[in-house]
Amino acid sequence: MSAAAGPSPERAAVRAAKGFREGTHRLVPPAETIARVAPHLSAFGITRVADVTGLDVIGLPVVMVCRPNAASLAVSQGKGLTLDAARASGLMESIESYHAEHVDLPLRLASHRDLARAAAVVDVAALPRLSVGAAREHHRVLWIEGRDLLRDEAVWVPYEMVHTNYTLPLPAGSGSFVMSSNGLASGNHLLEAVSHGICEVVERDATTLFRAGGEAEIPGSRLDLATVDDPGCRHVLDLYEAAGVAVGVWETTTDVGLPAFLCLIVDRAPDPFRRLYATEGMGCHPSRSVALLRALTEAAQSRLTFIAGSRDDGDRDRFERARHADAIQRAREQIAGVRGPLRGFRDVPSLEGETFDDDVAAELACLRRAGVERVVVVDVSKPGLGISVVRVIIPGLESIDDVPGFVPGPRARARAAARAAAAARSAATA
C-alpha cells in the first residue's frame, strides 16, 4: 500500500482509543494537542491565535488563527466549551488548510478515459459539479491517488477536490468540480481525522437535503430543546438564554443514519443600536450529543466571525444579508413558529463507539446501507509532526448548497421534487 493510496499499515494497525470525551471525542485532551503542534506553528505560517470571545455577549470561547501568507483562507476559527478546546479547534483547522495547500503526493495529468484504462478511477458523474464548468472524458486534468475504504483499493480522484491552493493560475483542468474544504480534516490519529472528515461530508449533504426539502417545515424535524440532557449542550443553551439569544434546532439526519443537526440563532429582541447577525451552525457525529454540540457552538462561532469581520471569504453583501432587518425577522419567525410535533433528543440515534476504529466502522456501515459505493481517503499528512490530515471524498453525496456555482445532484433534486409534490397536494386539498 503506497503512502499516496491512503493509510499506511503501521498507522492503521494501532487501535485509536478515545482519551478525551468532554464536548468532543479526541485521542488526547486539547492542551496536549496544542503542546504537540506548538513547535511547528512557524512552519505552518501561523502568526497569531487571538481570543475573540469578548467581542460577543454569548460567552462561548471562540478564537481566530492567522496565517497571513495562506493560499486559501488567511484566518481560521475555532470554538469549544473551554478556551483550550477552542484553541485546539482553530489551530487544527488552520493546519488542515496548510496541508491541503502544500500537497506533496504524486499527481497524474490525464483524461478520465485514458486513466481509467490503467487504474481505478472514481465515477466523476457522482461528484459535486459546478454550473460554470463541465468535466469531459477526453479533457486532461490532474488526478491524485486515494484509498477507497469500502472496497479497500487504490482509486484516483480529481486533484481539485483535494487541494486548497487557490492562487492563480489554477492547475491544469480546474473548474469542473467544487473546490472547497469539505471533507478536509485533521486529528491526533489517522482514524480520528478520517472519522471527522466522513462526518463533515455527511453533514454538508444532510444540510443541503434539509434545505431542499423545505427546512423548518419538515414535520417532526424540530428538536424539543427541553429534552436535551447532555451537560455540554445544556451549558451552551444556558449561555444563549442568558445572552437573550433565541435558538432553533432541527434534526437533519438523512438515510445515511448518522446524527446531524442544524441550529439557527438570533437575538430575541431587536436592538437598533446593536443589530447583530442571524447565523446557523451544523453538526454531524456518531454521538448525538457531539453532533448537537457542534451545531450549537458553530452557530455562535459564525456570529462572532461576522462580528470580528476577519474571514477573507465573505464579501460585503454577505455581511449585509446576514444582519438585514428582513433576514433577522424571518429567523425570529422561523424559531418561534413550531410546525408539527417536536423531536425528543433521546429519539435521535446515537452510534458512538469506544474507539475511533468503532466510529469509522459504524460510519462506513451507515454509508454502505445508504447505497454509497465509495468512500475515498487521501492522506496528505506530513511526516514528523504527529498530526494526521486527510481529505475524504464520498461520491454521490451533495456538497453544501451555498458554494458559488452549486449544481444540485440526484439526492437534492429528488428531495426538492418531493417537496414540490407535497406542496401541490396541499394546495389541491386546501
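The largest cavity has a volume of about 150 Å³. A cavity here is a set of points on a 1 Å grid over the protein atoms alone, where a 1.4 Å probe fits but cannot get out; points are joined across faces, edges and corners, and the volume is the space filled by probe spheres set on them. The structure is a predicted model, in which local features need pLDDT of at least 70 and side-chain atom pairs count only at pLDDT 80 or more, while totals for chains, interfaces and linings use all residues. Residues are numbered from 1 along each chain as its sequence is written, and side-chain values use heavy atoms, without hydrogens and water.

In total, 7 cavities of 30 Å³ or more are present. Lining residues have an atom within 4 Å of a point, and the largest cavity has 16 of them, with Pro128, Met161, Asn182, Val392 and Ile393 nearest its centre. Strand β12 (residues 388-393) contributes the most to this lining, with 3 residues.

| Class in the lining (members) | Count |
|---|---|
| Nonpolar (Ala, Val, Leu, Ile, Met, Phe, Trp, Tyr, Cys, Pro) | 10 residues |
| Polar (the others, Gly among them) | 3 residues |

Strands are DSSP runs of E, at least two residues long, numbered from the N terminus. An open sheet of 3 antiparallel strands runs in the order β8-β9-β10; two strands pair if DSSP finds at least two bridges between them. Its edge strands, β8 (245-251) and β10 (279-284), each pair on one side only. Strand β9 (residues 260-267) pairs with β10 over 6 bridges, and Leu264 has Glu280 of β10 as its bridge partner.

Conventions. 1 Å grid on protein atoms, 1.4 Å probe; cavity = no way out; pocket = protein on both sides within 12 Å on 5 of 7 lines; lining within 4 Å. Helix = DSSP H or I, 4+ residues; strand = E, 2+ residues; numbered from the N terminus.
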